[in-house]
Amino acid sequence: MLGYIRPWTDELLMKDYKRYRAVYCGVCKRLGALHGQFSRLALSYDACFLALFFLAFVEDEPPMQEEACLFHPLTRHLTAQAHPLLDFAAGLTCYLGLAKFQDDQRDGEVMRSLLPSLLLRTGAKKFRQANPHLVPQLEAQLQASWAYEQLHAGQLEVNSVDQAETFARAMADLSGQLLDLIFQQAAQLTESSVFSQDKNLHLVGLLGQYLGAWIYLIDALDDKEADEARGRFNPYRGLTREEYLPLASRLLAEAQGQADSLAALFAYYKDAAIIENIVHLSLPHQVDQILVKKDKAERGHERSL
């Protein structure tokens, strides 16, 4: 989980911000309680969105309590207490965090990723034990993504816009299938009558698929220059700004538009305004922020010449 699925806090009402923070703090506290205090450093906005989205279908609220925490000992915030969805998001954080650091190790970044891998190993093991049917499917998707990168890495040396689009769509689809599986599993944990209907379970999986594709695409856009410098796979590697920025923007807009349309189909018990803020407003805003950052970096580079 890479932390891109976040609210646009400037556009949130204060009550909605407090609610979002309560869930965020709840996932963080469950990480510490279940998997050790160091695992809390792996917490991401994506994990919070997963818990918040599916809690919107749960009629019974998890208990809320004002608490201080290890990282903010002098202030007390409303914090969601133990709930299966918070525990699922916490365990998934460890599992996917470990997978990411193992991928870094395969790319040669052994020392940089060794300590985080060790700290997340116990939490990832617990997640595997708690989700014996889900995890083999997730591991198959992660392996497929890694295999695709290895198969096509050499072709990036002579990349083209058309080829980059093929690579980006293929990798985004694999990322989307991963989140499709995760969303369908989380839907089952709600025990909501909404997801007793196959149609709604399929739709929420599709939502996960488009959000997963969007996450891959925005990360590829954000990390393009860094991946090139490290020799890592990136579908836009070797393309000029004039070539890859319009392509990346178009693909991201497609994925976000589909996710937005699907999210609008559901009837939420609560937190509809927060979900709309994230999917409808914040995702395009995240893209705009990255484009602004890249423009500033380019101007700075030109001035240094």
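Begin by selecting Glu191, which lies in the loop between α6 and α7. Helices and strands here are DSSP runs, helices being H or I with at least four residues and strands E with at least two, numbered from the N terminus. The phi angle of Glu191 is near 55°, a positive value in a residue other than glycine. Glu191 is exposed, with a relative accessible area of 73%; buried means under 20% relative accessible area, exposed over 50%, and partly exposed in between, with a 1.4 Å probe and protein chains only.

The structure on the screen is a predicted model, in which local features need pLDDT of at least 70, side-chain atom pairs count only at pLDDT 80 or more, and totals for chains, interfaces and linings use all residues. Residues are numbered from 1 along each chain as its sequence is written, and side-chain values use heavy atoms, with hydrogens and water left out.

**Aromatic rings**

A pair of aromatic rings is described by the distance of the centres and the angle of the planes. Rings of Phe, Tyr and Trp (its six-membered ring) pair if their centres lie within 6.5 Å; planes under 30 degrees apart count as stacked, over 60 as edge-to-face, and the rest as tilted. A search of the whole structure finds 21 aromatic pairs. One of them is the tilted pair of Phe54 and Phe195, with 6.0 Å from centre to centre and 55° between the planes. Phe54 lies in helix α2 (residues 45–55) and Phe195 in the loop between α6 (161–190) and α7 (198–222), so the pair ties together parts that are 141 residues apart in sequence. Phe54 is buried, its relative accessible area being 0%, and Phe195 also counts as buried, at 5%.

Now extend the selection to Phe49, Phe53, Phe57, Phe183, Phe266 and Tyr268: ring pairs link these residues, with Phe54 and Phe195, into a cluster.

**Salt bridges**

Side chains of opposite charge can pair when their charged atoms come close. A salt bridge is a side-chain nitrogen of Lys or Arg within 4 Å of a carboxyl oxygen of Asp or Glu, and a search of the whole structure finds 15 of them.

Select Arg30 and Asp87, whose side chains meet in a salt bridge of 2.7 Å, N to O. This pair links distant parts of the chain, with Arg30 in helix α1 (residues 14–35) and Asp87 in helix α3 (residues 84–106), 57 residues apart. Arg30 is buried at 18% relative accessible area, whereas Asp87 is partly exposed at 25%.

Move on to Arg169 and Glu254, which form a salt bridge of 3.1 Å, N to O. Arg169 lies in helix α6 and Glu254 in helix α9, so this pair ties together parts that are 85 residues apart in sequence. Arg169 is partly exposed, at 38% relative accessible area, and Glu254 is partly exposed at 34%.

The next selection is Lys294 with Glu225, a salt bridge in which the closest N and O atoms are 2.6 Å apart. Lys294 belongs to helix α10 (residues 272–304) and Glu225 to helix α8 (residues 224–230), distant parts of the chain that are 69 residues apart. Lys294 counts as buried at 7% relative accessibility, while Glu225 is partly exposed at 37%.

Then select Arg19, Glu61, Lys270 and Asp271, which salt bridges with shared partners join into one network. Asp271 is found in the loop between α9 and α10. The phi angle of Asp271 is near 65°, a positive value in a residue other than glycine, and Asp271 is buried at 12% relative accessible area.

**Helix α9**

Select residues 241–263, the 23 residues of helix α9. The expected span of a helix is 1.5 Å times one less than its number of residues. The buried residues of α9 include Tyr244, Leu251, Gln256 and Asp260.

**Cysteines**

Finally, select Cys25 and Cys28. Cys25 is buried at 17% relative accessible area, and Cys28 is buried at 11%. The structure holds zero disulfides, a disulfide being a pair of cysteine sulfur atoms within 2.5 Å.
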